[in-house]
Amino acid sequence: MKPIIKQYAESDLFSEESILRTIILFGRNVSTYKFALADVLLNKDLTTALSYTDVRDDFVLSLYNHYQNNPHQYQGGENTITKAFDAYEQDADWNNLIKVAEKNIYNNVFDAFHNVGGASIKDELVLFEHDKNSKQIVITDALLKLKENEALVSQLVLENQTRWNIVEEAWKNKLTPNMLVFNAEDNSISSINSENERINLRSAVDALLPYQHGKCFYCGRQLNKASDTQSADFPDVDHLLPFSAFDKFSPFQQISPNGFWNLVIACKECNRGASGKFDAPPDQMYYTKLINRNRLFTEEHRHSLRNTILLSLNVKSAIQVEKRMHQFQPYLNIFNGWKPKLIFEA
Ligand SMILES: [Zn+2]
């Protein structure tokens, strides 16, 4: 596992949710099976063990629902299962589809689930164990504990779906030039593909918040998308370097403040509360945190936000991301940067 991903996983003290988030966000995807399995595990009533038969219909249905909206569920184009979906659309033979799925998917899906960035999650932290002999998966206490928190489960269902949408959309657009842009009017993000067609991809909050463990980038407060927009814990999209910097400071002039490289999710209190940040430049430490966040996105070659970050900074590699961002440091050096009054401990 790359050090920067390990750092992400460990920054939330290996809670169950941080394990699942790490799997969803950094799992190396060649297909979207991982998302379908996470979807089943999050939505299904779990007992201590699930047989292949218990999992299969929900799994195939979850995958098929996505396939209908976007056939790009496999990085290489089509495979056995996508062909089986096509056949199912003609003959509506569910049993046949299940048969193909059972033969081709389950071993790979269960065994690959805990692989993250070329390494496997430690045995004592896994969410289930795969028992090939009895053809079942044995659910661990960690996953059962996570499932007790209903609000967290719905949040993770949404994060999983968002990440799934981004991955399939990235494959559909062959990743280049898969430029994601933030639209402040409706808080959405879009992908502009080669024909300059805009594709709506849900909100920037959904795309970025899981990488912050669901917390405010500045004060660490747990955020809640269901809160009233005036509540302190409502998630806002914040431009870390303020707009005002961009006309005054020459290195910024070729770079857009709306690019993903400059966006973080902040609580309402930090963004626009009584002693909120508004248009102030932040304390240096937050800029360092943003550099690390952008390295996290760009060091992993298959990360779906990688190209977005590179293009938004007009650079070609993770190392250049860091160098380019350091060029903006002199601007921050001249201010007493803004800091939140209250910090929430993890
Ligand atoms: Zn905050």
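1. Y64, Y67, F85, Y88 and W94 come together as one aromatic cluster. This is a predicted model, in which local features need pLDDT of at least 70, side-chain atom pairs count only at pLDDT 80 or more, and totals for chains, interfaces and linings use all residues. Residues are numbered from 1 along each chain as its sequence is written, and side-chain values use heavy atoms, with hydrogens and water left out.

2. How many aromatic pairs does the structure hold? There are 14 aromatic pairs; rings of Phe, Tyr and Trp (its six-membered ring) pair if their centres lie within 6.5 Å, and planes under 30 degrees apart count as stacked, over 60 as edge-to-face and the rest as tilted. Among them, Y67 and F85 make a tilted pair, because their ring centres are 5.0 Å apart and their planes meet at 35 degrees.

3. This pair ties together parts that are 18 residues apart in sequence, because Y67 lies in helix 4 (residues 52–69) and F85 in helix 5 (residues 80–91). Helices here are DSSP runs (H or I, at least four residues), numbered from the N terminus. Y67 is buried at 8% relative accessible area, and F85 is buried at 1% (buried means under 20%, exposed over 50%, partly exposed in between, with a 1.4 Å probe and protein chains only).

4. Now for Y88 and W94: their ring centres lie 5.5 Å apart with planes at 70 degrees, so the pair is edge-to-face. Y88 counts as buried at 19%, whereas W94 is partly exposed at 21%.

5. A charge features too: the charged end of K289 sits over the ring of F217, 4.3 Å from the ring centre (NZ of Lys or CZ of Arg must be within 6 Å of the ring centre and within 35 degrees of the ring normal).

Technical notes
Helix = DSSP H or I, 4+ residues; strand = E, 2+ residues; numbered from the N terminus.
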